[in-house]
Amino acid sequence: MHTSLMISYRGADVMIDCGLDWLGKFERLHPSAMVLTHAHPDHAWGLREGAPCPVHAPQKTWETLTRCRVEDRRLIKERTPTKICGITFEAFAVEHSILAPAVGYRVSAGRARIFYVPDLVFIHERSAALKNVQIYIGDGATVTRSFIRRRGKTLIGHSPVHTQLTWCEKEGVPRAIITHCGSEIVTGNERQLFANLRGIAAEHGVEVRIAYDGMKLML
Ligand SMILES: [Zn+2]
Ligand SMILES: [Zn+2]
């Protein structure tokens with residue numbers, strides 16, 4: 001399925017992202033609210049027919065998502081901690097796309113704190129974004145190859161897992177989960193890939209796992 005994350009805390013279930021794969025399906029998960037990272041089809045087009053709950057997204061994402069029939073549209077301002085159903089979301093701008101500007105979310109509830117960013121080249125205010133974060137959940141488009149392209153002055157695409165693990169090391173994040181995996185992970189030789197990834201992660205002192213549909217984690 002297109003990558004999505006459900007945060008459950010004290011009876012509330014807040015879903016981050018809802019790609020086209022989820023069209024007509026996500027309703028059965030009964031989310032209390034939804035939050036979007038950006039307007040690309042694999043993150044937002046599951047909402048084309050609307051949503052049965054409030055949907056929170058940055059202004060630039062709403063401007064791009066003109067054809068989604070979401071009625072209860074809520075605005076999330078960057079760098080402004082926002083409580084949604086008792087869970088705090090803080091959006092950080094990330095470089096990724098010109099047409100669909102993206103954010104990552106620093107999510108906290110109780111003593112748990114994670115950072116979720118399925119698509120990115122880099123985080124603009126990385127230290128603030130990752131401070132005291134227990135788990136970084138990041139972009140699995142590529143492990144070592146670069147998917148970064150230059151468009152004028154801006155960079156678009158995806159940073160490899162390798163680069164993201166160096167950020168975790170620098171900011172003291174002990175664990176990383178790789179999600180939204182690209183073909184290098186999905187169709188690669190699993191044993192070889194894991195060995196390679198563990199090696200890279202160990203060099204940076206980070207514990208790494210690869211996400212899968214239905215993965216659950218208790219914090
Ligand atoms: Zn994207
Ligand atoms: Zn994506």
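This is a predicted model: local features need pLDDT of at least 70, side-chain atom pairs count only at pLDDT 80 or more; totals for chains, interfaces and linings use all residues.
**Entry 1**

Next I checked how strand 5 is held. Strand 4 (residues 55–57) pairs with strand 5 in the parallel sense, over three bridges. Looking across that pair, I see histidine 56 opposite arginine 74 of strand 5.

**Entry 1: methionine 34**

I picked methionine 34, which sits in strand 3 (residues 33–35). Is methionine 34 buried or exposed? I count it as buried, because 28 other C-beta atoms lie within 10 Å and the cut-off for buried is 20 or more.

Then I listed what methionine 34 touches, leaving out residues up to four places away in sequence: Met15, Cys18, Ala51, Cys53, Val55 and His56.

How many residues of strand 8 (residues 102–109) are buried? I get eight of its eight. Both faces are covered: I have Ala102, Gly104, Arg106 and Ser108 on one side, with Val103, Tyr105, Val107 and Ala109 on the other.

I went through the pairings of strand 8. With strand 7 (residues 87–95) it pairs in the antiparallel sense over seven bridges, and the two form a hairpin with six residues between them. One bridge I noted there joins threonine 88 to serine 108 of strand 8.

Strand 8 also pairs with strand 9 (residues 112–117), antiparallel, over five bridges. Here tyrosine 105 has tyrosine 116 of strand 9 as its bridge partner. This hairpin has two residues between its strands, and I noted a positive phi of about 60° for glycine 110 in the turn.

**Entry 2: helix 4**

Last, I looked at helix 4 (residues 161–171), where the buried residues are Val161, Gln164, Leu165, Trp167 and Cys168. They cover an arc of only 150° around the axis, so I place them on the same side of helix 4.

What do the buried residues of helix 4 pack against? I find helix 3 (126–130), strand 11 (135–139), strand 14 (175–179), helix 6 (190–203) and strand 15 (207–210). After helix 4 comes glycine 172, with a positive phi near 70°.

Conventions:
Residues are numbered from 1 along each chain as its sequence is written. Chains are lettered from A and ligands numbered from 1 in the order in which they are written. A residue is buried if 20 or more other C-beta atoms lie within 10 Å of its own, exposed if 12 or fewer, and partly exposed in between; C-beta atoms are placed from the backbone. Helices (H or I, at least four residues) and strands (E, at least two) are DSSP runs, numbered from the N terminus. The arc is that of the directions from the helix axis to the C-beta atoms. Two residues are in contact if their C-beta atoms, placed from the backbone, lie within 7 Å. Two strands pair if DSSP finds at least two bridges between them.
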